[in-house]
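Welcome! Take a moment to look over the sequence and the structure, and then we can walk through them together.

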Protein chains: 2
Amino acid sequence: MSAKLEQLKEKLGEVADIANAASVLGWDQQVNMPSAGNEARGQQLATLSKIAQEKFISDEVGRLIEDLKQELNGADSDEAALVRVAARNYDKARRVPPSFIAEQAVVTSRAFEAWMEARGKSDFSIFRPHLEKVVELVQKYISFFPPADHPYDTLLDDYERGMKTAEVQAIFDGLRPKQVELIKAITSAKQVKADFLYKKYNEKKLVDFGVDVITKFGYDWKRGRQDKAPHPFETAFNVNDVRITTRFEEDNPLATLFSTMHESGHAMYEQGIKPVYDRTPLSGGTSLAVHESQSRMWENLVGRSLPFWEHFYPALKNTFPSQLDGVGIKVFYKAINKVEPSLIRVNADEATYNLHIMLRLELEIGMVEGRIAVKDLPEIWNTKMQEYLGVTPPNDAKGVLQDIHWSGGSIGYFSTYALGNLVSAQLWEKINKDIRGLDDQIRKGNFSELLAWLRRNIHEHGQKYEPQELVERVTGSKITPEPYVRYLTKKYSEIYGL
Amino acid sequence: MSAKLEQLKEKLGEVADIANAASVLGWDQQVNMPSAGNEARGQQLATLSKIAQEKFISDEVGRLIEDLKQELNGADSDEAALVRVAARNYDKARRVPPSFIAEQAVVTSRAFEAWMEARGKSDFSIFRPHLEKVVELVQKYISFFPPADHPYDTLLDDYERGMKTAEVQAIFDGLRPKQVELIKAITSAKQVKADFLYKKYNEKKLVDFGVDVITKFGYDWKRGRQDKAPHPFETAFNVNDVRITTRFEEDNPLATLFSTMHESGHAMYEQGIKPVYDRTPLSGGTSLAVHESQSRMWENLVGRSLPFWEHFYPALKNTFPSQLDGVGIKVFYKAINKVEPSLIRVNADEATYNLHIMLRLELEIGMVEGRIAVKDLPEIWNTKMQEYLGVTPPNDAKGVLQDIHWSGGSIGYFSTYALGNLVSAQLWEKINKDIRGLDDQIRKGNFSELLAWLRRNIHEHGQKYEPQELVERVTGSKITPEPYVRYLTKKYSEIYGL
């Protein structure tokens, strides 16, 4: 067995090397590359992806997996998990013909161009025929797989291993009325002041402040770095090289700070995975939702909490004395937690964010089922925005055209953002049971016990456990909305005096 | 034919994509990577190199080349050149067993570590057993190829396609006595003053000055960028993404300026190659010597010339008024061309540099022939340094251990540096016949006609012509030492009043 396992690990190690090399090229493309290099870089990435795919779906890898599966059946060891995850990925990859992948690359590349133009001109009709092709492709993709309880399950499984559409719907159904109700209560309450957040802040000082914060969090700079890029993101080339990016927005300067905390949460997850999982299918976070639970936890449950600012606010005020002149900590805390139903998902606050996601999930399921036609999306979008958030987009750029995801063929992705919020609160309740006086630790700028808990319970396991399995192991329950509702209700009741 | 050519180009395009991806990873390793990422990066690079090799030496590529060779035999077209260069590279690659490449990687990796330690402690005995293994491997490598006129030919051909050991020896034999004589005359003459070059200069201002200079040269920033790295180098991922690096040395600040010009010369070569050669074996410079001719031309024949400084010196003096207080342009010009026989190759001036190379070539040939034993290298090194340059290293770190090349298995490389000097002067004579008043153009900071000449005569051809063939096409003669001797003699006669 050991010899076959070594052979499989060698094969999969090569595939991982190629994928990691591609990640370096992708990072470079965002961070450094002169734009003239775009076409050649696209070609290089296409070649690497094709070779990784060929190497992975080879008959030899299939035979090794088959043999090892029988020998390791049911075991709880790392080796058994490795073979289990490899088998699942192999089966999925083998079902998708290379010709489909090539077609998809062409369709989504054109759809992306069209989306850029459509959003620029706020004209959905430019994007519509491309999105129709994307939906056709998605339906074709689903047809490669055995029938599931719901056709959308196949898509969801690519982002959230093992998760079912019905589960997500049940979770969201439990969440929606409570969140809508909370938002109504908040919007009827006395509003908080936040104008001082939008003054002119010095970019370098804010970025440096962010660096100080995530250094205290425990982001390991010896195994990473931060650069400027058009969009903030985290990317890992292996456990010892996990990088993040940041950006500065003139009209929303403090976003830099929160997005830095957010990306550091992703990065600390990747830095905390067992090094022996490197170059195996167990490397990387177990799902997008669990990944998002880490970024949201550091950004929101830590970074937008009162104890956090009891530690950091004096330094922030010292750094920006004129901007924060006369602003007490309570006022600042309320401002960074201001709730305002708005049009754009990425700018949404904690209370309204999930509703943006639910809307998208309903549209996606409708498109996959064939109930919702692409041409009707703008109207349905606007109706639902009014229903959930009480706002109506003035145009499609601020409505149905705002997100990049569909243009790239990523249908099935969105709900992981909301699930990540739920998981972060669910873990937070457990963490606060396990760590006595966590608030006091945070108030002292001490995050080591928190990070150690996350390392031990979440990070180190990589992809060994499926997301629902992992959450249940740690909290005693699968993903559930109650902790998030409790968290929101408590927090906003205090802030808005509900 | 066209179908087979397309097939071959597709296969070779993939190989080029992988090689270019590896170059991105290599650049990142030098410029950005946290050092903790080193081991994984080495693994990623090893995998890419292995896959590129496998894809290249496949039987299918061999069959396509064989068929196309017969059909395109003797033609002067780009297509015929592509197949010719591919055939040559294929034949060389097929002769070297993968097991040898793996062995070489292990041996040179250990040799590199040992060299680092040996140089640090200035103790050749640490490096000796590793270098002995490297020499054994080099001899084994030679044995894979058909007997040549000289066993060293096989090594030389890897760096300088088509060049023979006897040719290099004849060139160097013509050069050595004249260069030794010139140096003797210079060292007996009144010495020039250069202390002001070693004052404290501001790093950023110097780097910015270098950026201004190479912008005027014609380095295309839309298709490149400059970063800081421990060693200056140039690297190309395709014709639209050609990057350079720079460094700052406290004790030799102006080196930044000259090394920036040097790397820009390499980079403008790569930026000038026909875009249709991208992803084919015709991409990239045709040889190390021709590449070096471009870097040395911009660094020395342009960048250390009086007309160049007639344009730039006022600005430099403006930037560094205190450092250059009372230093007239003639004094400055003499200082940056000061000749001083010294121990370290990379710091050598134009008059002495080639002698450092000749010494190394003699030792390499001696090792390959089995006439010189590794254990005797330090003694022979020191004797020859005294003979050629009149200096003796106080220790091996400043002698036989100074260069990285042998530790990486690169035997056969050094002479291309000296050949590059010769080619730069040989081209320069021709350029000055073709471009009227080039000195006046340089005096006005106008380099466009010079760059256009280089583009047309050298750059655009990529690897279409072998180096000797290219030099002969352009200058009417193969590589010859006379122009360089004339250049040195004229320049230093004026500077030192010989």
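## A sheet in chain A

In this predicted model, Asn238(A) sits opposite Asp241(A), a residue of strand 3 of chain A. Strand 3 covers residues 241-246 of chain A and runs antiparallel to strand 2 of chain A, with four bridges joining the two. Both strands belong to an open sheet of three strands in chain A, which has the order 1-3-2 and mixed pairing. Strand 1 (226-228) and strand 2 (234-238) of chain A are at the edges; each has a single partner strand, so one side of each has no neighbour in the sheet. From one strand to the next, the twist averages 25°.

What lies across this sheet? Helix 1 of chain A, residues 2-31, lies across strand 1, strand 2 and strand 3 of chain A. The helix runs at about 145° to strand 2 of chain A.

## A sheet in chain B

Now let us turn to chain B. Here, too, there is an open sheet of three strands, with the order 1-3-2 and mixed pairing. Its edge strands are strand 1 (226-228) and strand 2 of chain B, each of which pairs on one side only. On average, neighbouring strands of the sheet are turned by 25° against each other, direction ignored.

Strand 1 and strand 3 of chain B run parallel and are joined by three bridges. Along this pairing, Gln226(B) stands opposite Ile244(B) in strand 3 of chain B. A helix from the other chain packs on this sheet: helix 2 (residues 38-56) of chain A touches strand 2 and strand 3 of chain B. The direction of this helix makes about 75° with that of strand 2 of chain B.

## Where the chains meet

How many residues does each chain bring to the contact? Chain B gives 35 residues and chain A gives 36 residues. The area buried between chain B and chain A is about 2,700 Å², and carbon and sulfur atoms account for 55% of that area. On the chain B side, Asn32(B), Pro34(B) and Gln44(B) lose the most area to chain A, together 17% of what that side buries.

## Charged and polar pairs

Side chains of opposite charge can pair when their charged atoms come close. Over all chains, the structure holds 88 salt bridges. One of the pairs joins Arg243(A) and Asp28(B), whose closest N and O atoms are 2.7 Å apart. This pair crosses between chains, from strand 3 of chain A, where Arg243(A) lies, to helix 1 of chain B, which holds Asp28(B).

How many salt bridges are found across the interface of chain B and chain A? There are eight. Another salt bridge to look for brings together the side chains of Lys50(B) and Glu14(A), at 2.4 Å from N to O. Between chain B and chain A, the count of residue pairs in polar contact is twelve, with both residues at pLDDT 80 or more.

Which elements of chain B give two or more residues to the side that touches chain A? They are helix 1 (2-31), helix 2 (38-56), strand 2 (234-238) and strand 3 (241-246) of chain B. Sorted by class, that side of chain B has 13 nonpolar, nine polar and 13 charged residues.

Notes: Residues numbered from 1 in each chain as written. Chains lettered and ligands numbered in written order. Predicted model: local features only at pLDDT ≥ 70, side-chain atom pairs only at ≥ 80, totals over all residues. Heavy atoms only, no water. Contact = heavy atoms within 4.5 Å. Buried area = accessible area lost by both parts, 1.4 Å probe. Salt bridge = Lys/Arg side-chain N within 4 Å of Asp/Glu carboxyl O. Polar contact = N/O pair within 3.5 Å; in protein donor to acceptor, adjacent residues only side chain to side chain. Nonpolar A, V, L, I, M, F, W, Y, C, P; charged D, E, K, R; others polar. Pairing = 2+ DSSP bridges. Axes fitted to C-alpha atoms, helices over the stretch in contact; angles between N-to-C directions.
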